[in-house]
Amino acid sequence: MFRRAQILGGLMIFAGALSATGFAAEPVTLEWTVEGVQREALVFAPTAAADEAGAPLVFAFHGHGGNMHRAAQGMRFQQLWPQAIVVYMQGLPTPSKVDPQGLRSGWQVLPSQEKDRDLKFLDAVLATLHEKYKVDDRRIYASGFSNGASFDYLLLAARGKIFAAFAPCAGRLTPELKLVERRPVLHIAGENDRVVSFATAQQTIQSVRRHNGCSEQGEPWGPGCTLYPSDQDAPVVTFIHPAGHVVPAEASELIVKFFKRHALESADARSDRRTQSESSGGEANEPSERHVQSDEAKAFRKTAVSVSFPSQGLMLQGWIYKPSGDGPFPAVIWNHGSERRPTAHPELAKFYTSHGFVVFLPVRHGHGSSPGEYIQDALEKYRGQVHDLKLVQRKAVELQELYNKDVVAALTWLKAQPTVDPTRIAVSGVSYGGIQTLLTAEHDAGVRAFISFAPGAMSWANPELRQREIKAVERARAPLFLLQAKNDYNIGPSEVLGPLIRDRGGINRAKLYPPFGTSHPEGHGGFACWEAGIAIWGPDVLDFLNTAGMSRPPAQ
């Protein structure tokens, strides 16, 4: 229960003085009674105007033995983000391994520990802040140091729906915690930390990345930082510094930068995404990739025919679209990316069929409704067994080669279809599908052309994969066309593979297009699959296919 508000210098003011629109130049100490125990927090109101949705809210938690005042001085979130409400909560005496008698202040790190006193405290603080300020519920964040960072992870497990992102520093995910929600996490760790060892930090990072569906390889996100993109819109960023159990000087700026990039979906956005998912035949893209399909594309999705084809002892699934007429038609195989549930991509199919192509979208084993083990699950299982980065990188390549057998099987199945001209087939795909396209190019399968979008852009940090893609380009049996937008996750494929493809001569091509959209996901999958992206690369691809002989009918 909220009791009173008190200026730091000792001057008492009443809660009613904290209006929803007023800005406080100085912090106030607010007090609550939670189940008979007095609790307090240091609150900084915004000193700059927020937008119409309200102010972002940042919770910050000190370490064991710390206090809210020192945390405010060290973390400085109120200075770095003047539009935000910033709250430094005060812990209570808490037993720990270094303080078994519980003489110093700290936080619970497991559900039901200390009778959930700190979770209940947070609930009370949040309720009061909603009464006193206009809080943007899509932008509520938590950060903490050491024991406070471990409390962050408890909040992710127990109150994950409330928060948009977390930034724990020098903390750990307690093994007993069960994570349910997927939320963006910035984890800060010191290589010489003697309290929370670097090995423990790595285990925490790996667990969170696995839970969030992050890519195997990361990409630079600034000095000392690595971003691991997520197919669940829950990326993990790591900041690894050489010091010990400290909050590094640059940490607070990184945390604010990270928080500003993440917000929860509104109810309307979630509804829109579900509608799009249902209309496209699978999971929607990442929230940051969402766009509105045209009514024509939604209607065209209904023309997809679900098919099955054999591969590696399994019956895999896929979709096929056909133009009007009896054929035989030229055909394009489209290889999906790493997503667990690929979609039927009516925008791509509508484009190709309007130019007289059959379009086949096979679903590799373990993806969507195709039986078998999902590729990311297989890689994570192996990672948990070997704990050797180089071996994991090699395994990632081996898995790509294993799943490529499904693409070859799909190609064999397609050639046997009566409406398809088996001498005029092209293979294309994006991301993991772009890798699959290059690997398929090594086979002497009579394919006329290969069109690879952003092959391995999200996994480009894997040197084994880079070398494997180089080898595939060198061994390609037919012309290649590599395409990327400049704002893709990583333009390494264009920078490394592009020159190799152009050096092959003939009609081989590689093109780096201007940025598409405003984010990495839009520059990656959006550029390859959305109608607006297709309008950009479509003429180039049609010209490439025509030059490769795809438009010429079979000899009579």
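**Entry 1: getting started**

I opened with a rule for myself: contact means heavy atoms within 4.5 Å. I am looking at a predicted model, in which local features need pLDDT of at least 70, side-chain atom pairs count only at pLDDT 80 or more, and totals for chains, interfaces and linings use all residues. Residues are numbered from 1 along each chain as its sequence is written, and side-chain values use heavy atoms, with hydrogens and water left out. Helices (H or I, at least four residues) and strands (E, at least two) are DSSP runs numbered from the N terminus.

I looked up helix H14, which spans residues 492-503 and lies across strand S21 (480-485) and S22. I noted that H14 runs at about 155 degrees to S21. For angles like this, axes are lines fitted to C-alpha atoms (for helices, over the stretch in contact), and the angle between N-to-C directions runs from 0 to 180 degrees.

**Entry 2: the sheet**

In what order do the 8 strands of the open sheet stand? I read off S15-S16-S18-S17-S19-S20-S21-S22, with mixed pairing. Two strands pair if DSSP finds at least two bridges between them. At the edges I found S15 (305-311) and S22 (509-513); each has a single partner strand, so one side of each is left without a neighbour in the sheet. From one strand to the next, the twist averages 25 degrees.

S19 (residues 420-430) and S20 (residues 449-453) run in the parallel sense, paired over 5 bridges. Opposite Gly429 I found Ser452, which belongs to S20.

**Entry 3: H11 and its two helix neighbours**

My next stop was helix H11, residues 389-415. Its axis comes within 10 Å of the axis of helix H12 (residues 432-440), and the two cross at roughly 75 degrees. That makes H11 roughly perpendicular to H12 (the word covers 65 to 115 degrees). On the H11 side I listed Gln400, Glu401, Tyr403, Asn404 and Val407 as making the contact. On the H12 side the list is Tyr432, Ile435, Gln436, Leu439 and Thr440. I sorted these residues into 5 nonpolar, 4 polar and 1 charged. My sorting rule: Ala, Val, Leu, Ile, Met, Phe, Trp, Tyr, Cys and Pro are nonpolar, Asp, Glu, Lys and Arg are charged, and the others, Gly among them, are polar.

H11 also meets helix H13 (residues 463-475), where the axes come within 8 Å and cross at roughly 35 degrees. From H11, Lys390, Gln393, Arg394, Val397 and Glu401 meet Pro463, Glu464, Leu465 and Arg468 in H13. How many residues of this contact are charged? I got 5, along with 3 nonpolar and 1 polar.

**Entry 4: H3 against H4**

I turned to helix H3 (residues 117-132), which packs on H4 at an angle of about 75 degrees, with the two axes 11 Å apart. H3 and H4 are therefore roughly perpendicular to each other. Asp118, Leu119 and Leu122 of H3 make the contact with Phe151, Leu154, Leu155 and Ala158 of H4. Here I sorted 6 as nonpolar and 1 as charged, with no polar residue.

**Entry 5: two backbone details**

Most residues other than glycine have a negative phi, and most peptide bonds are trans. I went looking for exceptions. A cis peptide bond joins Gly327 and Pro328, with omega at about 5 degrees. Pro328 has its place in the loop between strand S16 (314-321) and strand S17 (329-335).

Where does Ser112 lie? I found Ser112 in the loop between strand S8 (105-106) and H3. Its phi is near 75 degrees, a positive value in a residue other than glycine.

Notes. Parallel < 35°, antiparallel > 145°, perpendicular 65-115°, else oblique.
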